[in-house]
Amino acid sequence: MRRASFSLLSKVAAHPSRTISRVRSRDFVSDSKSIPNKQNRSQLSNTHHPHKPCNKTHGLFLRKTHQFQNSACRNLGTLVEQNPRQRKNKEKSEIEEEFESAMSTEEIMGAFEAMKSAFGSNDVQLGLAYLKVGLHLDQEGDNPDKTLEYANKALDIFDKNNKVSLSVAMTLQLMGSACFNLKRFNDSLGYLNRANRILSKLELEGTVIVSDIGPVMHAVQMELANVKTALGRREEALVNLKTCLELKKYVLEPDSREMGVAYREMAEAYVAVLNFKEGLPYCLKALEIHKKQPGDNSVEVARDRRLLGVVYTGLEEHEKALEQNELSQKLLKNCGLESELLRAEVDAANIQIALGKYDEAVSSLGGVVRQTEKDSKTRAFIFISMANALCSQEKFADSKRCLETSSGILDKKESEAPIEVAEAYTEMAMLYETMNELEAAISLLKRSLAILETIPQELHSEGSVSARLGWLLLLTGKVPQAIPYLERAVEMLKESFGSKHFGVGYIYNNLGAAYLELERPQSAAQMFALAKEIMDVSLGPHHADSIDACQNLSKAYGTMGSYTLALEFQQRVIDAWESHGPSAHDEIREARRLLEQLKEKAQGSSCSAEDEVSPRKGLPLPLSSECALNRSSIACILYYFSLMIQVLYCFPPLVFGSTLPVTPIV
């Protein structure tokens, strides 16, 4: 059996038990583990599918013309005198062997110095040595700056020798990982995108064996998902995660426990962006697999059912959610997983709140809170859920006491768990808002925003909170203060979710109302037009909020004296409301009254100030299109922010990746 060059680069380790852990370059460094071969696919070449393993699998290693092979002189014994070149080659080979066998940091660094002395500054072998040191440092995880330094030197050498190779792609992936750890997300994205382009070219050309390139592709895609998530571009990250799942399908057995975990990870990613509809089939698939392996009464099935309960809650199928939660609790109790059982009990109480069973929820939460430590985050979250139930019963004094208790705990946890605390402050603000304590709500949102501003990867949350804060300031008459928050929120959410996301439309609507309040009708008309364009696409032209945007646009043009356009848009408002039938009788009557008023203005008649219609302020930013379609604005937002806390409590901020296993080369 021939030894692979640089055993540290010879494979990607499998971590099937790690369902939420970021893949790093150091995941390439581990003991050998075997690929679960698929006999029905092993005969297929890479021309049939780019990600299917070949009959003979190989480890992840760097192909070279002379890859640390034994020198020919070794086979000649000592009977033949070696010339100086042979002796030099032998010395190099021995240095390579020493470097390859080095394991500890001290051994690796010592052997590396010998490599630097023996090889030229542009020698590919030295580039591989730099790469190995970088991978080892990344495995240690303490010095990403040093990791990046060695990876840079490796890349310089590889670029001078061959700009398109697997070694270059691996080095770029390492650089992307190091930059991620340094929170240099844009730099990380650049390196990873270049690695992805190189891998795509190698795959297309067929110059690298599929089983070699697959694990690197998986690592790059997983790292891209992490970086995009960190940048707030979660929708884009989902595309990379889907690619990772497809890669795993061609390596893992279809009914393996590991494949079930991969499906659950995909479901969790959708839940994290509150896209429950898309997450449902992945969660059901995970449950289907885990019921077969490891079995109905396993921990994996318990976790699948708990996640499924959250998904059904998001879909407002609360009876199904409660059923899955109860099944999950039984399994978690049997498995002795007390902490997960506690969280599942909180899930159940939140579902009861959604079902309107407030007394039951308060009773359940009272039992759960007694099982928690006095100053624990869990206790704080439970008091927020209890405050929600009490607020729904209009027991405002009791609800406020719960919020004060929770706030007292969370104040001490800001540095320990900033994301969770920021989200909790946001939900508490929503509850204060429901109780008409708007100043308290504004104060909490500002505290949440101050935390989120320090976390680059929470751009989407920062944008949502900024939008909410701007809306509340607008609602309380603080218009000049509101505008900067709304303008910033637009840019953040466009970056996170795209320029046509319905949430962006709501903020444009708010901005239009603010500009109109400041007697800037032309700016207001521009904002209302953008809001209407987005809402027509995302919600449909006959949705109530789309009609409101159209109404606001008519008002802005009327204020500017552009009566032809104002009349045109007001007629569209009437037509849209008429499509709702008798249920929109009052709205149709009001829209027709405003049309007649505009006609009078257009003819030069004066209107009293009492007849002026104020622009409909945009709704507070919703977090789901289903929510916007089916629920009143305040209830909708309160419900989904509560659900966001539940999701965060159940599944902490996601950093993705279990690595793709391959067989070591022989």
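Predicted model: local features only at pLDDT ≥ 70, side-chain atom pairs only at ≥ 80, totals over all residues.
Residues are numbered from 1 along each chain as its sequence is written, and side-chain values use heavy atoms, with hydrogens and water left out. Local features need pLDDT of at least 70 and side-chain atom pairs count only at pLDDT 80 or more, while totals for chains, interfaces and linings use all residues.

**Exercise 1. State the confidence of the protein chain and find stretches with pLDDT below 50.**

Step 1. pLDDT is the predictor's confidence in each residue, from 0 to 100. The protein chain has an average pLDDT of 79, and 77% of the residues score at least 70.

Step 2. Residues 1-82 have a pLDDT below 50; this stretch has 221 contacts in the model beyond near neighbours in sequence. Contact means heavy atoms within 4.5 Å.

Step 3. The pLDDT is also below 50 over residues 621-642, a stretch with 62 contacts beyond near neighbours in sequence.

**Exercise 2. Describe the span that UniProt annotates as "repeat: TPR".**

Step 1. The unreviewed UniProt entry places this feature at residues 422-455. UniProt positions follow the numbering used here, feature names are shortened, and annotations may be inferred rather than shown by experiment.

Step 2. Residues 422-455 are 82% helix and 0% strand, with the end C-alpha atoms 11 Å apart. Helices (H or I, at least four residues) and strands (E, at least two) are DSSP runs, numbered from the N terminus.

**Exercise 3. Work out how H24 and H25 pack.**

Step 1. H24 covers residues 563-578 and H25 residues 585-602; the angle is about 165 degrees and the axes are 9 Å apart. Axes are lines fitted to C-alpha atoms, for helices over the stretch in contact, and angles run from 0 to 180 degrees between N-to-C directions.

Step 2. H24 is therefore roughly antiparallel to H25. Angles under 35 degrees count as roughly parallel, over 145 as roughly antiparallel, 65 to 115 as roughly perpendicular and the rest as oblique.

Step 3. The contact involves, among others, Leu 567 and Trp 577 in H24, and Ile 588 and Leu 595 in H25. Its residues divide into twelve nonpolar, two polar and five charged. Ala, Val, Leu, Ile, Met, Phe, Trp, Tyr, Cys and Pro count as nonpolar, Asp, Glu, Lys and Arg as charged, and the others, Gly among them, as polar.

**Exercise 4. Work out how H17 and H19 pack.**

Step 1. H17 (residues 418-434) and H19 (residues 459-475) pack at about 25 degrees, with axes 11 Å apart.

Step 2. H17 and H19 are therefore roughly parallel.
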